[in-house]
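Please look through the sequence and the model shown here before reading on. The explanation is meant to be followed with both in view.

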Amino acid sequence: MEISGKVAIVTGAGAGIGAALAARLVAAGARVVLADLDGESAARVAESLGADAVAVGGDVADEAVIRALLERAEAEFGPVDLYFANAGIGGGAGLDSTDEQWAAALEVNVMAHVRAARLLVPGWLARGGGYFVATASAAGLLTQLGSAPYAVSKHAAVGFAEWLSVTYGDQGVRVSCVCPMGVDTRLLRGGLVPPEHAAEAELAVKAVTSAGAVLTPEEVAEIVLAGVADEHFLILPHPEVLKMYRHKGSDYDRWIDGMRRFQAALRA
């Protein structure tokens, strides 16, 4: 996949991984539309990137906002070649998570991907190709201690990316699924679990930060674009996640027992 000359949309681009992805894409010669619920933050990032970047504010789980993104991209730069479904949120803690918290996590972490693909794929099939990059999480391959909505919605994001690749991969639609562990973002620093659930919020952060290195968004963006260039489906900024995933698949009961012990040690 050659990035130079392509038109890309990056959601969740007001900060963190999304902002870093947008910067790397522009540096590689792409023209980029940045989207974020915080439109002012997205606009500041776009302004810093020059004429090859513009920003749109809005909720990217809303189909009308996604349509507006696609229309803005086409008007400014041309048809969209790459869509980075990067926006994501945390969720509630455990069984006391409200229906609203469950719905929000599923809307942003899963349905935003579904709705974007629904609008993009027909055009990509007609044009002979396109690239969908889903930012999930290592939690989507393993689990997330402390947050049921986050763990479940990220599993669903991985599942949808798999289905999309299997279904349309032979027709020119390429798909990558990004599954990092710790990344130095606002989500890790305080957004995985609402602060009123202090014990679970602490557990969620400790589970991530004690399992491996905490990378910068810029490090993750570089790894993601390298994976896209090579058209890898599973992009793992933390290579150790693959070892954990293999252990899980080889002996599920043993893995669950190990996660219980890990959880107990973190709580202690």
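What follows goes from the sheet to the helices and then to a salt bridge. This is a predicted model, in which local features need pLDDT of at least 70 and side-chain atom pairs count only at pLDDT 80 or more, while totals for chains, interfaces and linings use all residues. Residues are numbered from 1 along each chain as its sequence is written, and side-chain values use heavy atoms, with hydrogens and water left out.

The open sheet has 7 strands in the order β3-β2-β1-β4-β5-β6-β7, with parallel pairing; strands here are DSSP runs of E with at least two residues, helices are runs of H or I with at least four, and both are numbered from the N terminus, while two strands count as paired if DSSP finds at least two bridges between them. Because β3 (53-57) and β7 (234-235) each have a single partner strand, they stand at the edges, and one side of each is left without a neighbour in the sheet. Within the sheet, β4 (residues 82-85) runs parallel to β5 (residues 130-135) and is joined to it by 4 bridges, with Val 133 of β5 as the bridge partner of Phe 84. Helix α4 packs on the sheet, where it touches β4, β5 and β6 (173-178), and its direction makes about 165 degrees with that of β5; contact means heavy atoms within 4.5 Å, and angles run from 0 to 180 degrees between N-to-C directions, the axes being lines fitted to C-alpha atoms, for helices over the stretch in contact.

Helix α4 (residues 99-127) also meets helix α5 (residues 148-168), their axes coming within 8 Å and crossing at roughly 15 degrees. That makes α4 roughly parallel to α5, a term used for angles under 35 degrees. Among the residues in this contact are Trp 102, Leu 106 and Val 110 of α4 and Tyr 150, Phe 160 and Leu 164 of α5.

The contact is made by Glu 200, Leu 203, Lys 206 and Ala 207 of α7 together with Phe 262, Gln 263, Leu 266 and Arg 267 of α10.

Across the whole structure, a search finds 9 salt bridges, each being a side-chain nitrogen of Lys or Arg within 4 Å of a carboxyl oxygen of Asp or Glu. Glu 231 forms a salt bridge with Arg 174, the closest N and O atoms being 3.1 Å apart. Since Glu 231 lies in the loop between α8 (217-229) and β7, and Arg 174 in strand β6, the pair ties together parts that are 57 residues apart in sequence.

Definitions and conventions. Parallel < 35°, antiparallel > 145°, perpendicular 65-115°, else oblique.
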